[in-house]
Amino acid sequence: MEDLRRRFLIRNNDEETSNVAVATPPRKASDALPLPLYLTNTFFLALFFATVYFLLSRWREKIRNSTPLHVVDLSEISALFGFVASFIYLLGFFGIDLIFRSSSDDDVWVNDEDLRRKVPCGQSLAPLIVHSPDSDLVSVEDEEIIKSVVEGTIPSYSLETKLGDCKRAAAIRREAVQRITGKSLTGLPLEGFDYDSILGQCCEMPVGYVQIPVGIAGPLLLDGVEYSVPMATTEGCLVASTNRGCKAIHLSGGALSVLMKDAMTRAPVVKFPSIMRAADAMFYLEDPANFERLSLIFNKSSRFARLQKITCTIAGRNLYPRFACGTGDAMGMNMVSKGVQNVLDFIKTEFPDMDVVGITGNYCSDKKASGVNWIEGRGKHVVCGALIKAEIVEKVLKTSVAALVELNMLKNLTGSAMAGSLGGFNAHASNIVSAVFIATGQDPAQNVESSHCMTQIEAEGNDLHISVSMPCIEVGTVGGGTQLASQSACLNLLGMKGSNNEAPGLNAQQLARIVAGTVLAGELSLMSAIAAGQLVKSHMKYNRSSRDIGPSSQVNR
C-alpha cells in the first residue's frame, strides 16, 4: 500500500513539474524479443507453424488410439503456450490489434488521407518527449522513426504527412541524413522557420534553411517615387555599389521607366504524321478567325489568364506553338501551362492525329538564354533610363562622361559581341536581378533570361544618358516564394505585397520596373568603378575578411 501511495505522489509531482515525459511508449508486437525485426518475425512465424504441426500430429495419434484429447503431457503444454504466443504476435503483426484499440490511443502511422483531413500540419501527434530548448534529447518515438528512415522502411518524403508536424518532420529527417551520411549539419539552422508555409509549394524534404543577408539600396527615385530596394546577397560591395548608383540617379532627378510588354509564354511540342498536317495545324492556330475561340478556351484556366498571341514554328513534322498571355500579379508559369493544356485538348478534337510530345518544347523558353526571348520577350519588357549630370559623374561616381561612354562601347557592346554573348550586353545585370529575386521570393533560376539586358551610355551635351533594356523580367507578387514571411516583408517594404485588387497585374509590373531601375543603378556604379580604376580596390575593402586569417595564412598570401 505504501509503495502504491509513493508511486501516486511521484506521478502527480512529475505531471506538475516535468515537461519531458508526457506519455509512455506504446507496446508493439516487435518488442517481444530483443532482436532485429526480421529475425523476430521469422522466429514467431516458424514457431506458429511448428506448434500447429506438432499439435495436429499428436491429436491425430490420440484419436487413433482412443486417448482423451484433454490428457496432455509437458511437451503438449509447451506447444500450446508456443501456439498462443505466436498467434498473438501474428495478430499484432498483421495489424488486427487495431480493432481493439481505443480511439484515444496515439497512433503515429495513421492513414494518409485521414491525417490530411483531421490533423493540420504543425499540430504534433503527441510525441513522447517534448524537446526542451536547452536539451538535445530525442524522444523514444522519434528515435524509432529516425531508425526507420535510416533503414529505408519509412520514406523520408512522407514524414510531414504521417506525423502532421512539419517542424518535427524536418528535425527527424535532418538527424536521419546526418546518420546516413556521417556528416554533420551543424551550422545549418533548423529553429526559427515556419515549415508549414513551404509544404506543398516551395521545398520538399527540408532539413533547415540557409541564411542570406539582406541589404537595402536606395532610395531609388523611379518615376517620381522613392523605393528602398531589398537585396539578398553574399557578395560584398554589391549593395554598396548599387546604393551609390541610386544616389547618383536621385541627385540627378531620378530615373524613368516604360513597360513595353507583359506576357508569359509556354510552347509545347506536338508531332504529326506528316509535314503537311503540321503546317495545317500551324495555319489553324495562327488564323485570326480562330483566335477568339482559342482565347476563350485558354482563359478558362484562370480568371487572370488572358491569351494575347500564338506564334508557331515547324521543325520537320514537329510543331512548336508559342502561347503568350497576361497573368495578373502572378509570375504565371502554372497559369499559362494550364491554359495551353486546355487548348491542346481542344485542338486534339480538330486534329486527332496530333501527338502531344510535351507540354514544353523549350521554344518558350524558360530558364535558358535564347534568341526568341531576347527578340520577342518573355514576362515583362521594361526599358529604364536616366540623365546623370556631369558634376554628379565627377563628384559621386569619380569618373568622367567621356570615360564611361568609351568603356561602355568597348566593354558592354563590342566586347560582348566578340564573345558571342546572347542578351549579355551589360556589366553585371544578373548580380542585381538575382539579389532582388531572392529577397522578394522570385524563382532564382529565371535569373537566366530575366538578366537579358543591354546597357547603353551616351553623352548628351555635358551630361550622361544611361539606359537599360530588359525584355524578359519574370516576376510576380503572389504565389511561390512570395508568400514566405521574409520575402513577404521585402515585398511589403516596396509596397508590392500581394495582388493589386483595383488593377490586377499592376504590382508585378511595378516590381519589374523596380528591378530594371535597380539594375540601372548597379550598371552605372560598376561601370564608373571600372572607368576610375576602383574595382579591385573596392572589392578588397568590402569583399574580403581578415577576421579568420591567422599569421601563417597572412605569410602565404
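Tyr195 counts as buried, because its relative accessibility is 3% and the cut-off for buried is under 20%. This is a predicted model. Phe193 has 28% relative accessibility, so Phe193 counts as partly exposed.

## Aromatic pairs

A pair of aromatic rings is described by two things: the distance of the centres and the angle of the planes. Searching the whole structure turns up ten aromatic pairs. One of them joins Phe193 and Tyr195: the ring centres are 5.1 Å apart and the planes meet at 65°, so this pair is edge-to-face.

Tyr284 and Phe351 make another pair. Their ring centres lie 5.8 Å apart, with the planes at 75°, so this pair is edge-to-face. Tyr284 sits in helix H9 (residues 275-286), while Phe351 sits in the loop between helix H11 (333-350) and strand E7 (355-358), so the pair ties together parts that are 67 residues apart in sequence. Are these two residues buried or exposed? Both Tyr284 and Phe351 are buried.

Elsewhere, one aromatic cluster is formed by Phe48, Phe49, Phe83 and Phe87.

## Helix H8

Helix H8 covers residues 238-251, which is 14 residues. From first C-alpha to last, H8 reaches 20 Å. That is close to the 20 Å expected at 1.5 Å a residue. Just after H8 comes Gly253, with a positive phi of about 105°.

Several residues of H8 are buried, among them Leu238, Val239, Arg244, Cys246 and Ile249. What do the buried residues of H8 pack against? Three of their partners are strands: E1 (214-222), E2 (225-232) and E8 (379-388). The others are helices: H13 (390-395), H15 (429-440) and H18.

## Gln510 in helix H18

Gln510 belongs to helix H18, which spans residues 506-531. With 15% relative accessibility, Gln510 counts as buried. Leaving aside residues up to four places away in sequence, Gln510 touches Tyr227 and Met496.

## The second largest pocket

The second largest pocket holds about 1,300 Å³ of space. It is lined by 42 residues. Closest to its centre are Cys202, Gly441, Gly481, Leu484 and Gln487. Which elements give two or more residues to this lining? They are H11, H15 and helix H17 (485-494). H17 supplies the largest share, four residues.

What classes of residue make up the lining of this pocket? There are 23 nonpolar, 17 polar and two charged residues.

Methods
Residues are numbered from 1 along each chain as its sequence is written. This is a predicted model: local features need pLDDT of at least 70, side-chain atom pairs count only at pLDDT 80 or more; totals for chains, interfaces and linings use all residues. Side-chain values use heavy atoms; hydrogens and water are left out. Rings of Phe, Tyr and Trp (its six-membered ring) pair if their centres lie within 6.5 Å; planes under 30 degrees apart count as stacked, over 60 as edge-to-face and the rest as tilted. Buried means under 20% relative accessible area, exposed over 50%, partly exposed in between (1.4 Å probe, protein chains only). Contact means heavy atoms within 4.5 Å. The expected span of a helix is 1.5 Å times one less than its number of residues. On a 1 Å grid over the protein atoms alone, a cavity is a set of points where a 1.4 Å probe fits but cannot get out, and a pocket is an open set with protein on both sides within 12 Å along at least five of seven lines; lining residues have an atom within 4 Å of a point. Grid points are joined across faces, edges and corners, and a volume is the space filled by probe spheres set on the points. Ala, Val, Leu, Ile, Met, Phe, Trp, Tyr, Cys and Pro count as nonpolar, Asp, Glu, Lys and Arg as charged, and the others, Gly among them, as polar.
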